[in-house]
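Subject: Structure handover

Hello,

Here is the structure for you to look at. Notes on what was found in it follow below.

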Amino acid sequence: MLQLYFSPMACSLASRIALMEAGLDARYHPVHLQTKQVVDDGRDFLGVSPKGAVPVLVLENGERLTESAAVLQYIADLKPQAGLAPAFGDPDRYRLQEWLSFIGAEIHKAFLFPTFWYKDDASLAKPRARITQTLSVPSAHLEGREFLVGNSFTVADAHLTWALLLLRPAGVDIAQWPSLSTYLARMQARPAVRDAIATEMAVRKTMTASPA
Ligand SMILES: N[C@@H](CCC(=O)N[C@@H](CS)C(=O)NCC(=O)O)C(=O)O
């Protein structure tokens, strides 16, 4: 069975959403990111992945896959009939990769990560200054569109949904981008998204963790 190492409401939430949207079973292992311990059994998470970061997807053959962009596409390709990624060769596949890169690098690492990991104003000034420009990109793209790529939900939507959910705890009011705020509400109404969030919030109550 697939296994996902995750931390509640961290970027691994997107992988959980993808698994649930695909209807794929998996075993989920919570990780405490500060102590780098696997919560189930106290194992050193650095022994699971030297990157020390979630998501880590353990494949059916035991190999471990990291990096949200790769993990999300792997999950999508396990269940092509779920339509979570355009097929290879379809020009939209590169649009999907374009969004996964943008969300991972420009939203997650350039803004959310410093917001949750650094406390001093000097480290936070640059990310704070860039967020308006960064979020104007998906905001403009989603004017009059339901999904990031094509006409249906893809793993890029799972990734963006996670990032937008963290804006409030990061101190950013999503209401300044109406298209993002209605998009997020639409995504949160999806049963798989709703269930994934509810599950992680319940796990989170039992742990203290930094989400990004
Ligand atoms: N490039 C990786 C980043 C993964 C990442 O930074 N995950 C965060 C949680 S959202 C984490 O585990 N951070 C712990 C750390 O970096 O020590 C990806 O996109 O999957």
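Which residues in helix 5 meet which residues in helix 6? D157, L160, T161, L164 and L165 of helix 5 meet L180, Y183, L184, M187 and Q188 of helix 6, where contact means heavy atoms within 4.5 Å. By class, this contact has 7 nonpolar, 2 polar and 1 charged residues. Ala, Val, Leu, Ile, Met, Phe, Trp, Tyr, Cys and Pro count as nonpolar, Asp, Glu, Lys and Arg as charged, and the others, Gly among them, as polar.

Before the rest, some ground rules. This is a predicted model, in which local features need pLDDT of at least 70 and side-chain atom pairs count only at pLDDT 80 or more, while totals for chains, interfaces and linings use all residues. Residues are numbered from 1 along each chain as its sequence is written, and side-chain values use heavy atoms, with hydrogens and water left out. Helices (H or I, at least four residues) and strands (E, at least two) are DSSP runs, numbered from the N terminus.

Helix packing

Helix 5 and helix 6 (residues 178-188) pack at an angle of about 115°, and their axes are 10 Å apart. Axes are lines fitted to C-alpha atoms, for helices over the stretch in contact, and angles run from 0 to 180 degrees between N-to-C directions. The two helices, helix 5 and helix 6, are therefore roughly perpendicular to each other (65 to 115 degrees). The crossing of helix 5 and helix 6 is left-handed, that is, the near helix is turned anticlockwise from the far one by less than a right angle; clockwise would be right-handed.

Helix 2 and helix 3 pack at an angle of about 145°, again with axes 10 Å apart. Their crossing is right-handed. A69, L72, Q73 and D77 of helix 2 make the contact with R93, L96, Q97 and L100 of helix 3. By class, that contact has 4 nonpolar, 2 polar and 2 charged residues.

Helix 2 (residues 68-78) has the buried residues S68, V71, L72, Q73, I75 and A76. Buried means under 20% relative accessible area, exposed over 50%, and partly exposed in between (1.4 Å probe, protein chains only). These buried residues pack against helix 1 (12-22), strand 4 (56-58), strand 5 (64-66), helix 3 (91-117) and helix 5 (155-165).

Aromatic pairs

A search of the whole structure finds 4 aromatic pairs. Rings of Phe, Tyr and Trp (its six-membered ring) pair if their centres lie within 6.5 Å; planes under 30 degrees apart count as stacked, over 60 as edge-to-face and the rest as tilted. One of the pairs is Y5 with F45, which is tilted, at 6.0 Å centre to centre and 35° between the planes. This pair links distant parts of the chain, with Y5 in strand 1 (residues 2-6) and F45 in the loop between strand 3 (37-38) and strand 4, 40 residues apart. Both Y5 and F45 are buried. W99 and F102 form an edge-to-face pair, at 5.9 Å centre to centre and 85° between the planes. W99 and F102 are separated by about one helical turn, because they are 3 residues apart in helix 3. W99 is buried, with a relative accessible area of 8%.

Single residues

S12 is in helix 1 and is buried, at 0% relative accessible area. Leaving aside neighbours within four places in sequence, S12 is in contact with L4, Y5, F6, S7, V54 and P55.

G150 is in the loop between helix 4 (121-141) and helix 5, and is partly exposed, at 29% relative accessible area.

Regards

How values were computed. Parallel < 35°, antiparallel > 145°, perpendicular 65-115°, else oblique.
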